Amino acid sequence: MQKAGGLVAPLLTVVLAFLISGIVILLTTGNVLDTLKTYRAIFRGSGLSWFFDVGSHSIGVPFSSAHVWFPWNTDDVASLAASNLEQTLILWVPLVLTGLAVAFAFRCGLFNIGGQGQYLAGSIAAVLIATELPRVLDLPGILLIVVTVVGAMLAGALLAGIAGFLKGTVGAHEVITTIMLNWIVIWVGSYFFGLGGPFQTKAFASVPSSEDVPDKAKLHVFWGDPALQGLHIGIFIAIPALVLYWLILNRTTLGYEVRAVGHNPDAARYGGISVGRNYFLAMAIAGTFAGLAGAIDVLGWEFRLDITLIQSSQIGFIGIAVALLGRNTAVGVGLAALLFAALDTGTSTRNLDPTIFNPELATSLSVIIQGLIILFVGADLIVLLVLRRLRRRRPRTVAA
Amino acid sequence: MNRLPRGWRAAGWFGVVLGALAVLLTLPPIEVRTPVVPVVIGLFALTVGIGSLIRGERRVGGFAVAAGIGGLVLGYLATRSSVGHLEATVVWGALLAAMLRYATPLMYASLGALFSERSGVVNIGLEGMMLMGAFFSVWGADVTGTWTLGLVIGMASGALMGLVHAFFSITLRADQIVGGTAINFIGLGITSYLFVKLYGAQGTPRDLSNVPDLSFGFLGHIPLVGGFLDDVFGHLNVMIWAVIALVFVVWVVVFKTSLGLRLRSVGEHPRAADTVGINVYGVRYAAVILSGMLAAIGGAFISLAFVNSFTPNMIAGRGFIALAALIFGNWRPFGLAAACLLFGFSSALAVNLQAYSTSVSTLFTALPYVLTLVAVAGVIGRSIPPAADGKPYVKQ
């Protein structure tokens with residue numbers, strides 16, 4: 001998976017995907033100007049424009065007349081750009097984590113398609129712990145959050161661990177097992193919270209949803225209005241997670257073994273590394289990342305699960321695109337997650353200006369763009385071929 | 001496995017039959033009401049299954065053990081529930097007809113994937129290909145006014161997706177799992193986009209030209225079993241009959257013709273196939289494109305013959321069940337057909353189980369995935385893919 005091309009191939013891939021989807025917009029709107037306007041509207045909807053409005057948003061320095069430009073300008077609650085950026089960053093966190101879940105398994109030579117199931121397992125565990133535990137044990141808020149998050153991480157690790165264990169012991173292909181586990185989790189979750197299910201809310205018999213997470217277990221919102229889904233403190237987990245990912249892989253024995261198995265399982269086995277054990281551990285760690293993402297989403301902004309959410313969520317699948325585009329590196333995953341979070345938020349019905357482009361179309365368009373990026377990244381050969389042909393042509397012109 | 005005494009294999013199948021019998025006796029029309037009967041027969045099936053299992057018949061023995069446990073549990077539950085509920089849930093004629101209806105789209109997609117994977121290209125893009133077929137056949141039927149042309153256009157869209165998958169996985173040698181994942185995204189994106197763009201809030205037209213059902217009136221006049229046969233086979237869709245025929249055709253083509261031999265040799269040992277002059281890339285391209293076409297017909301069955309409309313993401317995971325059926329059926333036409341029928345039956349039963357409880361019916365939907373997981377885990381025999389499945393081939 002770690003092929004040549006560095007930063008150029010992923011960038012070209014993104015440009016190519018946006019060009020092709022630009023043709024789709026062009027066919028829809030009919031002229032080039034509207035196509036560019038649509039992309040600008042998506043960009044504004046993502047809130048990333050906030051960063052380019054330097055000087056418009058500032059914080060006054062105490063005891064002076066100076067103003068400092070600062071990303072988390074707490075005075076800037078009302079601005080549309082700020083509210084959009086909050087949405088993008090809320091989505092960025094789970095995408096980083098599910099991206100890491102896929103990337104970590106990749107580094108061990110495993111294709112973890114189960115990020116979605118592991119994310120949902122974490123979400124389901126988080127809802128169950130946060131709603132059921134207070135019935136038997138009255139914990140203070142912070143402790144309840146910790147227990148919930150740890151429980152969700154274990155749930156994700158356990159689910160992914162099954163796939164890793166089966167790969168390590170009987171050689172069952174992880175792609176097949178993780179796909180099956182995805183759907184098992186989706187339907188078990190639908191059973192839990194669906195009509196007549198064991199954990200369906202008691203308040204409304206006709207609503208297929210879980211109970212609400214108690215207020216004390218909700219993550220604190222530090223930017224924006226909590227009632228309008230402001231940015232919660234879960235964002236402070238994303239960057240340490242990226243650092244941790246890099247540390248585990250590059251600075252621990254475990255990471256060394258995982259990478260060795262990923263490069264060549266036979267050579268690793270010959271070198272005395274237990275391949276099966278590393279398959280299990282790599283998947284379990286991957287599942288831990290995805291389970292954490294589920295807990296953060298539940299405690300940060302979802303607060304409950306319903307069966308529509310369980311069946312239509314795509315976070316774990318987008319994680320595959322994040323890992324592929326980010327080339328399984330920490331920095332790459334962080335950046336790729338930001339791109340996909342911005343794309344998803346910018347094309348959402350809530351954020352995209354409907355006078356410029358129909359948001360319902362744009363939502364599907366972002367799915368097409370994600371698909372194209374996965375397709376082109378998978379074949380970075382395309383880009384390399386073009387580069388090689390260019391290189392080959394250059395000496396010829398020199399010789400002539 | 002041929003070294004082993006045939007007796008234990010036969011015993012294994014006997015166990016499977018016993019397990020089925022344990023449930024059947026408790027259901028209409030016989031309706032044994034004492035739990036002793038299913039428990040005793042189920043335990044007997046279990047014993048036979050374990051015996052067959054230790055004698056080395058892992059696959060059949062495993063099936064017998066599963067059938068024994070399943071028969072015991074389900075049979076016991078059936079004796080505990082009221083006769084009224086039972087008769088509402090288990091209406092054999094309707095249930096078997098529904099089973100065929102649910103199994104049909106899975107069979108088309110799964111047979112298609114058989115070609116692709118037998119040629120050595122993993123196709124997890126079935127879901128996206130089925131979605132393409134579902135949308136474009138409806139669009140085609142709407143524009144042209146006839147379902148036949150609708151099907152042709154649907155097939156063409158599937159072939160196009162197959163071509164994309166083939167180009168990226170064969171010519172560019174990209175990772176086939178990545179390519180399949182991309183196909184799923186793109187299929188979902190394109191169909192949802194066009195649906196909103198072309199049909200919007202009104203949805204697809206109600207007066208769509210649909211694939212007709214075939215009526216066999218004479219079945220009802222057969223004495224004794226006539227009513228039952230009429231319920232099951234009397235009013236099935238043309239496409240259901242077509243897929244049943246297709247299973248036999250595929251078996252003949254893949255295992256009894258030189259074309260099939262080429263296909264399988266490319267999937268097992270491409271280098272050897274290349275050496276004897278088989279065009280590896282050509283065979284793989286054809287297989288993957290055919291796979292896309294068949295998956296698209298499966299999708300078209302759902303939209304054009306089953307629910308008579310298109311809604312975004314309407315395939316809802318059936319592409320993955322079709323993939324599961326291929327693996328569960330050990331990459332063989334009759335094996336995958338049996339798996340599709342099993343999964344179809346569980347879907348049909350899940351719908352009827354709503355009479356008992358919606359939640360249990362939901363849980364039942366997970367059954368195909370659990371069974372496949374158990375199958376690949378090697379508890380029930382082992383599912384072994386073609387040797388070169390998923391490996392790109394570099395021509396030298």
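This is a predicted model: local features need pLDDT of at least 70, side-chain atom pairs count only at pLDDT 80 or more; totals for chains, interfaces and linings use all residues.
Modeller: Residues count from 1 along each chain as written, and chains are lettered from A in the order written. Local features need pLDDT of at least 70, side-chain atom pairs count only at pLDDT 80 or more, and totals for chains, interfaces and linings use all residues.

Biologist: What percentage of the residues in chain A is buried?
Modeller: Buried means 20 or more other C-beta atoms, placed from the backbone, within 10 Å of the residue's own. Chain A has 400 residues. The buried share is 56%.

Biologist: At what angle do α4(A) and α5(A) pack?
Modeller: Helices are DSSP runs of H or I, at least four residues, numbered from the N terminus. Here they span residues 115-136 and 141-169, with axes 8 Å apart. Axes are lines fitted to C-alpha atoms over the stretch in contact, and angles run from 0 to 180 degrees between N-to-C directions. The angle is about 145 degrees.

Biologist: How many charged residues does the contact of α4(A) with α5(A) have?
Modeller: Residues are in contact if their C-beta atoms, placed from the backbone, lie within 7 Å. Charged covers Asp, Glu, Lys and Arg; nonpolar covers Ala, Val, Leu, Ile, Met, Phe, Trp, Tyr, Cys and Pro; the others, Gly among them, are polar. The contact has 14 nonpolar and six polar residues. The charged count is none.

Biologist: Which helix gives the largest share of the side of chain B that touches chain A?
Modeller: The contact takes 38 residues from each of chains A and B. On chain B, α8, α14, α16 and α17 each supply at least two. The largest share, 14 residues, comes from α8(B).

Conventions: Two residues are in contact if their C-beta atoms, placed from the backbone, lie within 7 Å. A residue is buried if 20 or more other C-beta atoms lie within 10 Å of its own, exposed if 12 or fewer, and partly exposed in between; C-beta atoms are placed from the backbone.
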